[in-house]
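I opened my notebook to look up a few things in this structure, one entry at a time.

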Amino acid sequence: MRKWIKRAAALCLTLCLFLTAAACGGDKTADAVITYGMDERPTTLDPQLASSETEQTMVRNLFEGLFRLDAGGNIVEGAAESYTLSEDGLTYTFTLREAVWQDDTPVTAADFVFGLQRAVDPVTKAPYGSLLSAIDGAPAILAGSAAVDTLGVTAVDERTLTIRLHEPDPDFPMVLTLAVSMPCNEAFFQKAAGAYGRNLDATASNGSFTLYRWEEDATIRLNRNKRYNGPFPAKPAAVVFATGREKQTNDPDADLSDTAYRLARLEDGTLDAGKIDNSQASALSAEGFSITAYEDTCWAVAVNPNTEIGTADMQKALRESINRNVCDTALPGYFTRADRYLPASLTLRGKAYKETQPLQYTFPYDPADARAILAETTENQENGRLPSVTLLYADEPGMEEAASVIAQQWQQNMGLYCNIESRSRTALLSAVAAGEYQLALVPLSAGDNTVQSFFKQFTEGGPYAGFTDSTFAELMGGMTGSLSDEALLQLAGQTENQLLSYTGLTPVFFSSSAFAQSPQMQDLQIQPFSGRADFAFAGRLPD
């Protein structure tokens, strides 16, 4: 009956890494106030709308879904007391344990029905609503061709919930641990009148923590939820999320960049843990910090097909004039060469994809052909040259150096002079999505740790380089839960190969996300790829 959840548990074990310090006596680490460095302030704590790493981390601690991850990284029952799965793998029946929201309102099956319906409703615009596509009726609802009440979720009674899938999905239990699958009390939601999840009074919780303070330009504090009666009570008394800059107006380091400032606060003990740049890892490791890093982003050169430099021939020339061996040696050491798209942290049916799919792809290097294409392209241009060409890149450590290396390759190998220009990652992605660029070094990532989620970013509007490919879409659409593991692996390789054949997008290098915790911390659970931290199990030695 539970064969699917066992496979999902294996998936989670592959995905979860833990930041741990040496064991120092359990009781001494409890009841601490842990300070965590956040990348950016959240704009919403509505689980169905949470998108940033910080937002999803807070939601993970404030809410509890039907399943959740235990201290060992296994998928286990959370808000569900027990469950059964039909023999055909299509119908989950959950019995909820008795639990309450922070205002003592009972958590019921209807809360999960409403939350899941909101997640797939196009009106909500949930960024990760498509992750629920396995639920019966979800694809049609997401496409706007069916009403939300046709979703295959039913509240049989207050404590009994059924979820019906349209096809078996071994990864579905993992999806039910994510923010998008959290419950939502409809009465509380309606009372919030459009402000749900956007301020202290309009945010409810049923998880290990409750929201205690959320003020503009101040730290955000989560306290242990005293009403929580589930199997995962919070070990720390509170978690404070901080940028590190609050009330530090006289700090001599106040003019440092955000990442440099976070490093300084980790070193002086103001922060206990937080995300860091890979460039900072070695310095912190030498000081006794525990560092965990995982490869989760592919950086690729995107060519705008709607510009003079975006023709099929010029796309080919730009790819042919990148000497990958030079890039490999010239890039910062914390980047790794990318001869394919999918980062190492991605999995397929619980197995590391790169280990099971030894895909080989050869990028042609032909400077002579690239020069010939450029000459033919520019012969009818005024002054025999293209208008000014600019490569956009993210204003992040190492990216200016990487963009310079790529631009230098184009100049040396095909005679193309290219300017480089930095943007914040948000501004860069907005420019690419709007088509307001010529060339861009873009980050390719996904909403969870699965291969399917990575591919989905190329089927939903094509935000990168105007990507549209009917063959790719057909291959991606065939990656269903009804396939055998072997067939799914083969199809995933064909899908990646099809993406690699598109010359308007060229992978160059991978980057990793890194997290640091002080020597006093232990058992802070970090989920690779999403970066979501679970503080329920975390401890900290007293100062």
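Are F67 and F94 buried or exposed? I looked both up: F67 is buried, and F94 is buried too. Buried stands for under 20% relative accessible area, exposed for over 50%, and partly exposed for what lies in between, with a 1.4 Å probe and protein chains only.

A note on the source: this is a predicted model, in which local features need pLDDT of at least 70, side-chain atom pairs count only at pLDDT 80 or more, and totals for chains, interfaces and linings use all residues. Residues are numbered from 1 along each chain as its sequence is written, and side-chain values use heavy atoms, with hydrogens and water left out.

**Entry: aromatic rings**

I looked up ring pairs next, and the count comes to 23 aromatic pairs. The rule takes rings of Phe, Tyr and Trp (its six-membered ring) with centres within 6.5 Å; planes under 30 degrees apart are stacked, over 60 edge-to-face, and the rest tilted. The ring centres of F67 and F94 lie 5.6 Å apart with planes at 70 degrees, so I noted the pair as edge-to-face. F67 sits in strand β3 and F94 in strand β6 (residues 91-96), so the pair links parts of the chain 27 residues apart. Helices (H or I, at least four residues) and strands (E, at least two) are DSSP runs, numbered from the N terminus. Ring pairs also link F67, Y83, Y92, F94 and F172 into a cluster.

I then turned to F114 and F189, whose ring centres are 5.5 Å apart with planes at 65 degrees, so this pair is edge-to-face. F114 belongs to helix α4 (residues 109-120) and F189 to helix α7 (residues 186-191), 75 residues apart. F114 counts as buried at 12% relative accessibility, while F189 counts as partly exposed at 21%.

**Entry: strand β2**

How many residues of β2 are buried? I found four of its five, so β2 is mostly covered. Five bridges join β2 to strand β11 (residues 238-242), and the two run parallel. Strands pair if DSSP finds at least two bridges between them. T35 has V240 as its bridge partner in β11. β2 also pairs with strand β12 (residues 273-276) in the parallel sense, over two bridges, and there Y36 stands opposite A273.

**Entry: cavities**

On a 1 Å grid over the protein atoms alone, a cavity is a set of points where a 1.4 Å probe fits but cannot get out, and lining residues have an atom within 4 Å of a point. Grid points are joined across faces, edges and corners, and a volume is the space filled by probe spheres set on the points.

The largest cavity has a volume of about 120 Å³. Its lining has 14 residues, with R60, F63, R68, T177 and R532 nearest the centre. β3 gives the most to this lining, with three residues.

The second largest cavity holds about 80 Å³. Among its 10 lining residues, Y36, M38, D39, E53 and T54 lie nearest the centre. Here α3 gives the most, with three residues.

**Entry: Q315**

Last, I looked up Q315 in helix α10 (residues 312-320). Q315 is buried, with a relative accessible area of 6%. Its contacts (heavy atoms within 4.5 Å) include Y502, T503 and G504, not counting residues up to four places away in sequence.

Key: 1 Å grid on protein atoms, 1.4 Å probe; cavity = no way out; pocket = protein on both sides within 12 Å on 5 of 7 lines; lining within 4 Å.
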